Amino acid sequence: MAFCLAIPLLLYLSFKNKYKDSIPARFFLRRIRLRFYPTYWFHACSLGESKSYEPILEALLDQEHQARILLTCTTSTGFKYLSSLSQKYPQNLRVAYLPFEIFLPLWLPYLKNLKTLVVTEAELWKMLFWVAKVSNAYTLLVNARISDSSLKSYLLLSFFYRSLFSLIDQTLAQLPIDQERLQILGAKNIEVFGNLKIFSTPSISFHYSKNTPIILGASTHQGEEELILNSFISSKAKAKLLIAPRHPERFKQVQDTLRGICQKHSLSFSNFRESWGDVVLVNALGELNNLYAIADCVILGGSFEKIGGHNPIEPAFFQAPILSGKYFYNQKALYALVENILIITPQELPQTLASFDTLPKTKIKNHQHKMQHLIAIIQRTNQWKKPINS
């Protein structure tokens with residue numbers, strides 16, 4: 001009934017460029033036929049979640065060269081990324097938008113060979129797990145977490161989630177607190193595993209050279225640029241400061257902030273040059289990994305304001321010293337995987353930058369065994385098949 005009532009709105013949205021492919025595919029049966037019989041099915045929502053699957057798929061295909069894998073998502077950015085990934089393995093991977101729940105049973109004829117369904121984070125679509133169980137597949141929820149802000153919403157619908165989790169054979173939680181909350185909601189066979197992002201290896205598109213130490217303010221938000229710049233000036237650190245705002249629409253605002261505080265700075269970014277001023281605005285996308293590779297100290301944004309923090313794995317991959325504020329509540333699982341992150345207050349930042357060259361290098365904790373363990377779980381489906389109680 002809700003779907004029927006929503007049809008006019010869905011038709012209207014389907015004319016927008018953002019939804020012109022996803023809405024017809026998900027809600028109006030466009031290209032509903034799979035023409036493919038997968039042995040494994042990986043589902044994610046957005047671009048970030050889709051990216052977390054890439055190293056897992058590579059490891060799985062390295063062991064099973066003939067595996068047939070279905071990749072589904074719900075957003076256009078995720079679909080484009082997965083489509084580019086499928087071009088690397090044209091014989092093994094197929095990509096599709098996840099149909100709306102009432103249409104998922106139409107895929108049952110294509111799932112007769114399905115061994116495992118892997119779903120990430122909060123993609124808790126009951127029909128998705130139901131069709132997998134009807135197909136006698138093993139169902140696995142990975143990267144599972146329940147934030148402080150969403151817990152109340154989950155508890156209000158606890159009766160629904162208990163029935164949903166009865167269809168999930170195993171859950172891999174990010175943190176012990178997530179395990180506790182998932183148990184309350186009825187999840188079973190829960191293991192604290194960590195965040196899948198630990199498997200992703202950052203790539204570099206350009207190798208910069210340098211003659212001067214680099215301090216990098218990465219993924220900063222409003223209020224943090226001013227804090228970092230004033231702290232840098234107060235510290236009198238013999239280095240260049242690069243500031244990379246999180247959102248490109250704020251480049252002009254940050255540029256005005258720099259102009260108002262510091263005269264020795266550059267207002268544009270193309271390629272790193274030693275002739276730049278003492279402070280540089282990184283107003284270009286796709287440069288963070290290139291800059292992490294040459295940074296002598298990284299100030300990780302989103303943690304000095306109540307944003308929730310950002311991914312520390314990427315700078316830690318290059319062993320850069322990392323300074324963070326205390327507001328990293330959305331990234332606790334990733335922070336737990338990195339050694340030597342220094343958590344400081346805004347007041348401590350100037351003094352810390354004054355001695356940035358003595359800070360300990362960060363290090364990602366050993367995680368290779370985790371990948372092997374995860375692949376073993378995915379491949380053990382013949383031992384775990386459990387038909388649904390109908």
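Trainee: How do you know how confident the predictor is in this protein as a whole?

Mentor: This is a predicted model, and the mean pLDDT of the protein is 90, with 93% of its residues reaching 70 or more.

Trainee: What is the pLDDT over residues 384-390?

Mentor: Over that stretch pLDDT stays under 50, and the model has 11 contacts there beyond four places in sequence. Where pLDDT is low, the predicted coordinates should not be read in detail.

Trainee: In what order do the seven strands of the open sheet come, and is the pairing parallel or antiparallel?

Mentor: The order is E3-E2-E1-E4-E5-E6-E7, and the pairing is parallel. From one strand to the next, the twist averages 20°.

Trainee: Why do strands E3 and E7 stand at the edges?

Mentor: Strand E3 (93-97) and strand E7 (190-192) each have a single partner strand, so one side of each is left without a neighbour in the sheet.

Trainee: Which strands does helix H9 lie across?

Mentor: Helix H9 (residues 176-184) lies across strand E5 (138-144), E6 and E7, and runs at about 165° to E7. The loop between H9 and E7 holds glycine 186.

Trainee: Why is glycine 186 called partly exposed?

Mentor: Its relative accessible area is 23%; buried means under 20% and exposed over 50%, so a value in between is called partly exposed. Glycine 186 touches Arg162 and Phe165, not counting residues up to four places away in sequence.

Trainee: What makes histidine 221 count as buried?

Mentor: Histidine 221 has a relative accessibility of 9%, and buried means under 20%, so the label follows from the cut-off. The residue is placed in the loop between strand E8 (214-220) and helix H10 (224-235). Not counting residues up to four places away in sequence, histidine 221 touches Arg246, His247, Arg250, Gly302, Ile307 and His310.

Conventions
Residues are numbered from 1 along each chain as its sequence is written. This is a predicted model: local features need pLDDT of at least 70, side-chain atom pairs count only at pLDDT 80 or more; totals for chains, interfaces and linings use all residues. Side-chain values use heavy atoms; hydrogens and water are left out. Two strands pair if DSSP finds at least two bridges between them. Helices (H or I, at least four residues) and strands (E, at least two) are DSSP runs, numbered from the N terminus. Axes are lines fitted to C-alpha atoms, for helices over the stretch in contact, and angles run from 0 to 180 degrees between N-to-C directions. Contact means heavy atoms within 4.5 Å. pLDDT is the predictor's confidence in each residue, from 0 to 100. Buried means under 20% relative accessible area, exposed over 50%, partly exposed in between (1.4 Å probe, protein chains only).
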